[in-house]
Amino acid sequence: MSTSITAACLGQDVVVAGWVETARDLGGLIFIDLRDHRGTVQVVSDPSRNPEVHKVFEKLKSEYVIACKGPVTIRPEGSENTSIKSGAIEIYPTEVEILNTSKVLPFQIDTVDTVNEDLRLRYRYLELRNEAKRVHLINRHKIVHAIRSYLNDEGFMEIETPILSKSTPEGARDYLVPSRVHPNNFYALPQSPQLYKQLLMMSGFEKYYQVARCFRDEDLRADRQPEFTQIDLEMSFVTQEDIMEATEGMIRTAFEAIDIQVETPFLRMSHDDAMNFYGCDRPDMRFDMKLVDLTDVMAASEFQAFANIAKDGGKVKAINYKGGAKLSRKDIDDLRDLAMSHEYGAKGLAWITYKVSEEGKPYELQSPIVKFFKEAELAEITKRTGAEAGDVLLFVADKTALVHHVLGKLRLHIAKKEGLMDPKDIKLVWVVDFPMFEYDEKSKRYKANHHPFTMPHRDHLEKLETDPAGVKTYAYDIVFNGIELGGGSIRVHNTEIQKRIFTTLGIDDATAKDRFGFLLEALEMGAPPHGGIALGLDRFVMLLSGTESIRDVIAFPKNQAAVCPLSSAPSGVDQEQLEELFLKLVEPEVKE
Ligand code: ASP
């Protein structure tokens, strides 16, 4: 009851129960901060008022669980605590009961942040006694509650789809579950409810949603969890616009649940523009610094290194690092080393500095490459990049994809360094018109960019066989400050088109039938036009709740090695269990 007890309860007899956060013996009087999930309240025992209660208080230690009854009284002047809601009052109990004792904890609740993560996760239930840690799960609850209410009001129905299911097409590795009753057969845990939610449209449920647990066995990365939650939607008889509108309303409501206002509709940008201007398909729109195309200028210039790349079908682009002229030569060299690092992959980084002129000119150019350009070319570079005195231009010339990759990353690196990404500034943008296919150099074949059930633009259908790379789709991603929150698409509801997509993907009839046969069959029995979207809930809550770790917003997360330090999962099983499942273990080969 702690924080619901305020000065408004003065004089009333109340019962409070919770954990002893601190016990202070101050020369006779014992002060307890009693904590429950709403906050803390001060409980005081005075031996002269109630010796029986005091005897119990003398035994209290940190994290004991107690219940007290007594009147709410005002704290003496000067001893109020303005940092807590109940800071104006205290309780002198007339009764007290110890409900449970506690061992000394492996760490202190109020200093959990200093504790190593595996130890915190090993005792996650103790970590969650800390209010600042608990708040993320409270926010999660509020957000999910708001999303559910919004969708229910909009006529969506929440329907559960199987967890023991068949492999789904999201492109990651499946978690498999062996079947005991069907030896040597396996269920797959769903990577998403994709196929089932499409089937529900074929059943005639026009608006479906699910707060869906999904499982993907991917390589470990800092913020990846093997299981995660998606807000999964699907709608029939809709256009891309309808889905985006429903999603915007849902996202706005989720923000409101934790008192953040965002305006709808969100910005929209084509995938082509995102790549061309920001170098990636999830642009951070909190700052500008667009990639500027100078390929044509360079092709005609005398600077052979750039001219050759431009003439060979590559690109030459630049970003304008505003205020970058302040950088020392060493700083620029560091930027070049970064651009040429393995992660970035550039073969070089050229620069032109617009020094503030001491001779009354608008600026003075400094760079090893300016000598190669004519006045008119420099004027064009300056005009397109908007460069002014104090700026530095950074150029990369290479194949288009690499130029975008390097400058897109450099843009973010510089913005971070210059503090251009205010976490309080929220920029949501839809990236639309994604390409249908991505060419995979390794396997020398096309892969679906979103998934194979994505509908190509009507006027691109004819390119499915002749120019697969040029086929754009009704697929869209929602991006929040440079982070992908989720994505979806209008689906193919026509068997013929679906077959042609499989053919381009190199999936033959037998494989398609084996993997998605049940969906293909359903497409032939009156499938309505439909589409949907899925939002990664964990990441969404993480961003809204203002924390940097996805593990903070999951009650019992796995650590970065996909292990649960609390339960020790994954773990070995009994021989008997293995035999029941007809499984034999093979020792993994130790890699040299
Ligand atoms: N199933 C997709 C995903 O998990 C989302 C969608 O297309 O609705 O990414």
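The largest nonpolar core of this predicted model contains 61 residues, and among its members Ile143, Leu151, Ile251, Leu428 and Phe540 touch the most others. Here a nonpolar core is a set of buried Ala, Val, Leu, Ile, Met, Phe, Trp, Tyr and Cys residues joined through side-chain atoms within 4.5 Å, where buried stands for under 20% relative accessible area, exposed for over 50%, and partly exposed for values in between, with a 1.4 Å probe and protein chains only. Helix α6, which spans residues 240-257, gives the most to this core, with 7 residues; helices (H or I, at least four residues) and strands (E, at least two) are DSSP runs, numbered from the N terminus. Leu428 touches Ile251, Phe255, Val262, Phe266, Leu267, Ile478, Val479, Phe480 and Leu485, when residues up to four places away in sequence are not counted, a contact being defined as heavy atoms within 4.5 Å. A second, separate core has 22 residues, including Met289, Ile319, Trp351 and Val406.

Residues are numbered from 1 along each chain as its sequence is written, and side-chain values use heavy atoms, with hydrogens and water left out. Because the model is predicted, local features need pLDDT of at least 70 and side-chain atom pairs count only at pLDDT 80 or more, whereas totals for chains, interfaces and linings use all residues.

Helix α10 (residues 329-339) has Ile332, Leu335 and Ala339 among its buried residues. Seen down the axis of α10, the buried residues fall within an arc of 55 degrees, so they line one face of the helix; the arc is that of the directions from the helix axis to the C-beta atoms. An α-helix has 3.6 residues a turn, so residues three or four places apart point the same way. The buried residues of α10 pack against the strands β14 (315-321), β15 (350-355) and β17 (392-398), and also against helix α12 (400-417).

Leaving aside neighbours within four places in sequence, Gln230 is in contact with Ser192, Pro193, Gln210, Val211, Ala212, Cys214, Arg216, Ala534, Leu535 and Leu537.

Several backbone features are found in loops. A cis peptide bond, with omega of about -10 degrees, joins Thr264 and Pro265, and Pro265 is found in the loop between α6 and β12 (267-270). Another cis peptide bond, with omega of about 0 degrees, joins Ala569 and Pro570, the latter being placed in the loop between α16 and α17. Asn184 is not a glycine, although its phi is positive at about 65 degrees; this residue is found in the loop between β8 (176-178) and β9 (186-188), and at 58% relative accessibility Asn184 counts as exposed. Asp433 likewise has a positive phi, of about 60 degrees, without being a glycine. The place of Asp433 is in the loop between β18 (428-432) and β19 (437-440), and at 23% relative accessibility Asp433 counts as partly exposed.

Side chains of opposite charge can pair when their charged atoms come close. The structure holds 44 salt bridges, each being a side-chain nitrogen of Lys or Arg within 4 Å of a carboxyl oxygen of Asp or Glu. In one of them, Arg38 pairs with Asp36, and the closest N and O atoms are 3.4 Å apart; Arg38 is partly exposed at 36% relative accessibility, whereas Asp36, at 6%, is buried. Asp223 forms a salt bridge with Arg551, the closest N and O atoms being 4.0 Å apart. This pair links distant parts of the chain, 328 residues apart, with Asp223 in the loop between β10 (207-215) and β11 and Arg551 in the loop between α16 and α17. Asp223 counts as partly exposed at 35% relative accessibility, whereas Arg551 is buried, with a relative accessible area of 7%.

On the surface, Tyr125, Phe556 and Leu566 form a nonpolar patch with about 300 Å² of accessible area together. Patches are made of residues with over 30% relative accessible area and no salt bridge, with like charges joined within 9 Å and nonpolar side chains (Val, Leu, Ile, Met, Phe, Trp, Tyr) within 5 Å; accessible areas come from the Shrake-Rupley method with a 1.4 Å probe, and for residues only the protein chains shown count as cover. Phe556 has its place in the loop between α16 (537-545) and α17 (575-580).
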